[in-house]
Amino acid sequence: MSTVQEQDVAESYSSVVRARRSVRNYDPSVKIPDRELLEILEEASLAPSSSNTQTWRFLVISDEKAKERLHPIANNQKQVLAASATIVVLGDLEGYKEIGRINEESVRKGYMPADFAKSFTENSLRLYSGLPAEKMKSIVQIDGALVSMQIMLSAKARGYDTVPMGGYDQQKLIEEFRIPANLVPVMLISVGQAAADAPGRLTARLPIEDIVSWNELK
Ligand SMILES: Cc1cc2nc3c(=O)[nH]c(=O)nc-3n(C[C@H](O)[C@H](O)[C@H](O)COP(=O)(O)O)c2cc1C
């Protein structure tokens with residue numbers, strides 16, 4: 001049986017999920033404070049990741065000059081200029097190397113016994129360092145997609161809107177912003193205050209019975 005407080009949390013979660021939609025018109029006068037953007041990214045980073053390696057990295061494009069450099073790379077999509085910031089979500093192919101530091105912190109916080117952390121770290125380093133590049137790329141893209149969704153929901157819960165973007169030139173992005181070879185672009189996410197006259201459009205979803213199979217695929 002859930003408590004009243006749990007019900008409130010569940011209701012507010014549900015309302016955030018249902019209210020989120022991709023917004024492409026932003027009020028250019030609204031600047032999200034850096035500290036709030038950091039809170040959004042920190043909250044989003046509570047997302048699960050492969051062995052808790054947290055391979056996501058964020059390049060925040062928030063000043064006008066940087067936005068102007070990103071705009072043509074992102075197919076001149078207007079949200080890049082008008083939104084407060086666009087977050088380039090990156091996946092670090094070498095991010096797994098942080099696992100020792102992450103596990104040590106879990107030990108320090110009392111979340112994990114030291115001997116478990118040691119073998120978990122050793123096993124993980126062996127596993128990830130031996131993976132083919134394509135597999136590693138797939139892992140960081142999955143982790144990056146999970147954190148991306150949480151960025152969008154965290155922003156929405158704070159009254160902001162977002163739009164995820166795959167419509168950009170990956171090679172030009174890498175060159176223009178000097179993204180090193182270990183960082184794979186996952187997606188761009190513009191975040192800002194929606195323009196008063198332009199909330200996001202509603203979009204239809206497939207009926208649930210068309211997309212769910214039980215025990216055997218239909
Ligand atoms: C990976 C990905 C890439 C997307 N790329 C773009 C994009 O480049 N430009 C854009 O305006 N919307 C883009 N979208 C937003 C989708 O069009 C939008 O999520 C979809 O139509 C559903 O609408 P909703 O987000 O309002 O629910 C993208 C969404 C995803 C998940």
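Guide: Helices in this tour are DSSP runs of H or I with at least four residues, strands are runs of E with at least two, and both are numbered from the N terminus. By that rule, residues 208-211 form helix α9, and I211 is found there. The model is predicted, so local features need pLDDT of at least 70 and side-chain atom pairs pLDDT 80 or more, while totals for chains, interfaces and linings use all residues. Residues are numbered from 1 along each chain as its sequence is written, and side-chain values use heavy atoms, leaving out hydrogens and water.

Visitor: How many helices and strands does the protein chain have, and in what pattern?

Guide: The protein chain has nine helices and four strands. Along the sequence they read α-α-β-α-α-β-α-α-α-β-α-β-α. The C-alpha atoms fill a box of roughly 55 × 50 × 45 Å along the principal axes.

Visitor: Why does I211 count as exposed?

Guide: Exposed means over 50% relative accessible area, buried means under 20%, and partly exposed lies in between, with a 1.4 Å probe and protein chains only. I211 has 53% relative accessibility, so this residue counts as exposed. By contrast, S148 lies in helix α7, and its 0% relative accessibility is why S148 counts as buried. Buried residues make up 39% of the 218 residues in the protein chain.

Visitor: What makes L206, I208 and I211 a nonpolar surface patch?

Guide: Patches take residues with over 30% relative accessible area and no salt bridge; nonpolar side chains (Val, Leu, Ile, Met, Phe, Trp, Tyr) are joined within 5 Å, like charges within 9 Å. L206, I208 and I211 make such a patch, of about 340 Å². The areas come from the Shrake-Rupley method with a 1.4 Å probe, and for residues only the protein chains shown count as cover.

Visitor: How do you know that R57 and D92 meet in a salt bridge?

Guide: A salt bridge needs a side-chain nitrogen of Lys or Arg within 4 Å of a carboxyl oxygen of Asp or Glu. For R57 and D92 the N to O value is 3.6 Å, and the pair qualifies. R57 lies in strand β1 (residues 56-61) and D92 in strand β2 (residues 85-92), so the pair ties together parts that are 35 residues apart in sequence. R57 is partly exposed at 24%, whereas D92 is buried at 9%.

Visitor: Which residue forms a salt bridge with E94?

Guide: That is K97, with the closest N and O atoms 3.9 Å apart. E94 counts as partly exposed, at 41% relative accessibility. The structure holds 13 salt bridges.

Visitor: Why is α2 called oblique to α7?

Guide: Axes are lines fitted to C-alpha atoms, for helices over the stretch in contact, and angles between N-to-C directions run from 0 to 180 degrees. Under 35 degrees counts as roughly parallel, over 145 as roughly antiparallel, 65 to 115 as roughly perpendicular, and the rest as oblique. Helices α2 (residues 34-44) and α7 (residues 133-157) pack at about 130 degrees, with axes 8 Å apart. That makes α2 oblique to α7.

Visitor: And how are α5 and α6 oriented to each other, parallel or antiparallel?

Guide: Their axes come within 9 Å and cross at roughly 165 degrees. α5 and α6 are therefore roughly antiparallel to each other.

Visitor: Is the crossing of α5 and α6 left-handed or right-handed?

Guide: A crossing is right-handed if the near helix is turned clockwise from the far one by less than a right angle, and left-handed if anticlockwise. The crossing of α5 and α6 is right-handed.
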